[in-house]
Amino acid sequence: METVKRKVDFGVFSNTTKMLKTLCFLAVILHVTTSRLIFTKPDKRVIIDVDGGIDDYQALTILINADNQLMIKIEAIICTDGNTELKNVENNVLRLLQAADRTDIPVYSGSYEQILPHKEEMPKWYGEDGFADLKYKREPNRYLLKKELAQVAVYNIISRNPGKVSLIVLGPQTNSALGFRIYQKYGEYLKDMHIMGGNFGEDEVEFNFLFDPEAADIVLTTTKCPITMFTWQACAKANFTFGTLFNITGISNPVWNLMEKAERKLFKDNKESIDSQWFACDPVTAAVYLYPEETILSSSQHSLQVKLSEPNRGLTVDDDSRTEKQIKVIEKVDWKFFMTGFIESFKKICTNRICVDQGVIS
Ligand SMILES: [Ca+2]
């Protein structure tokens with residue numbers, strides 16, 4: 001009996017200790033969770049629309065790193081035809097997510113072609129596949145691609161969170177234009193849009209708007225939410241060269257290594273000079289979204305439309321029929337601030353992550 005009682009007492013003591021330990025553990029978890037919620041819950045939620053070029057990859061790296069740091073939450077990545085055909089765009093995105101150990105971010109397939117077919121073939125700035133036509137040991141896991149169509153997925157996210165989610169568009173505007181035409185409140189539910197594209201006040205037409213002028217016009221003339229536009233002429237003011245990129249040292253992880261291999265192969269294939277200009281339009285757009293006050297040095301407000309007839313089809317022009325000027329056109333950015341963030345993002349993206357080498361053969 002004595003033994004049994006002791007055992008029972010010990011058991012009671014043990015259970016009490018366990019209970020106290022459990023309560024302490026729960027309190028710590030609750031404290032940590034609440035602290036994260038109070039201090040670090042991302043208040044910036046975003047959907048990113050990409051067309052699969054090396055510069056889209058660089059922009060996504062900046063944004064994924066910001067998500068890793070709990071600065072933002074990437075709700076979805078959607079894909080569109082643009083730099084390359086849709087399947088290659090999806091592969092390029094999936095490959096990056098695998099390299100960055102972020103296959104939890106949902107990827108959706110969008111438009112496979114622009115609204116009106118082109119009469120002439122569009123330039124392939126980043127090779128046939130948008131990523132310098134590198135050869136790999138294995139293909140990305142396409143089972144990661146969600147079955148839902150991009151516009152349906154975007155609408156589901158923004159209609160449940162009206163005014164809370166931003167949309168960054170780094171390719172042609174086809175996905176957005178179709179979304180606006182399918183769902184009446186698509187543009188109203190968005191918090192804001194950040195667009196890389198357009199050329200305002202000059203006669204050189206920018207690629208994303210040239211690729212699908214009708215879509216760009218639908219977006220600029222019907223969107224109700226504020227738009228920030230990083231145009232070609234603002235992007236072309238940078239004095240970055242391939243030398244600037246290749247002189248970055250001290251980074252070695254699967255995300256950086258893959259991007260660097262692609263840039264070096266493209267440099268060789270296109271017979272570029274080390275002093276040729278290196279364009280960073282998409283990654284700057286990502287930086288502008290994350291740090292508008294630090295990045296934007298000057299801008300002006302406009303209402304805009306897109307020229308749909310020749311000459312200069314796809315050119316961005318003033319829309320005098322409207323009085324509201326909800327489009328912020330960026331004129332000048334802080335390149336040094338951007339480049340510091342660009343390098344930091346590639347340095348940190350694999351911190352506390354199991355990044356995966358993508359097996360480039362050549
Ligand atoms: Ca792009």
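**View 1. Surroundings of Val93 in the predicted model.** Leaving aside residues up to four places away in sequence, Val93 touches Val50, Gly52, Ile77, Cys79 and Val107; two residues are in contact if their C-beta atoms, placed from the backbone, lie within 7 Å. This is a predicted model, in which local features need pLDDT of at least 70 and side-chain atom pairs count only at pLDDT 80 or more, while totals for chains, interfaces and linings use all residues. Residues are numbered from 1 along each chain as its sequence is written.

**View 2. The largest nonpolar core.** This core has 90 residues, and Ile48, Leu63, Ile77, Val93, Phe230, Val255 and Val284 touch the most other members. Its largest share, eight residues, comes from α2. A nonpolar core is a set of buried Ala, Val, Leu, Ile, Met, Phe, Trp, Tyr and Cys residues joined through C-beta atoms within 7 Å. A residue is buried if 20 or more other C-beta atoms lie within 10 Å of its own, exposed if 12 or fewer, and partly exposed in between.

**View 3. Helix α12, residues 281–290.** Nine of the 10 residues of α12 are buried, so the helix is largely enclosed by the rest of the structure. The buried residues are Cys281, Asp282, Pro283, Val284, Thr285, Ala286, Ala287, Val288 and Tyr289. Val284 is also one of the core residues named for touching the most other members. Helices (H or I, at least four residues) and strands (E, at least two) are DSSP runs, numbered from the N terminus.

**View 4. Contact of α2 with α14.** Helix α2 (residues 54–68) packs against helix α14 (residues 335–348) at an angle of about 65°, their axes 9 Å apart. Axes are lines fitted to C-alpha atoms, for helices over the stretch in contact, and angles run from 0 to 180 degrees between N-to-C directions. From α2, Thr61, Ile62 and Asn65 meet Gly341, Phe342, Ser345, Phe346 and Lys348 of α14. Three of the contact residues are nonpolar, four polar and one charged; Ala, Val, Leu, Ile, Met, Phe, Trp, Tyr, Cys and Pro count as nonpolar, Asp, Glu, Lys and Arg as charged, and the others, Gly among them, as polar.

**View 5. The open sheet of nine strands.** The strand order is β4-β3-β2-β1-β5-β6-β7-β11-β8, with mixed pairing; two strands pair if DSSP finds at least two bridges between them. At the edges stand β4 (145–149) and β8 (296–302), each with a single partner strand, so one side of each has no neighbour in the sheet. Strand β3 (residues 107–109) runs parallel to β4 and is joined to it by two bridges. Ser109 has Leu149 in β4 as its bridge partner.
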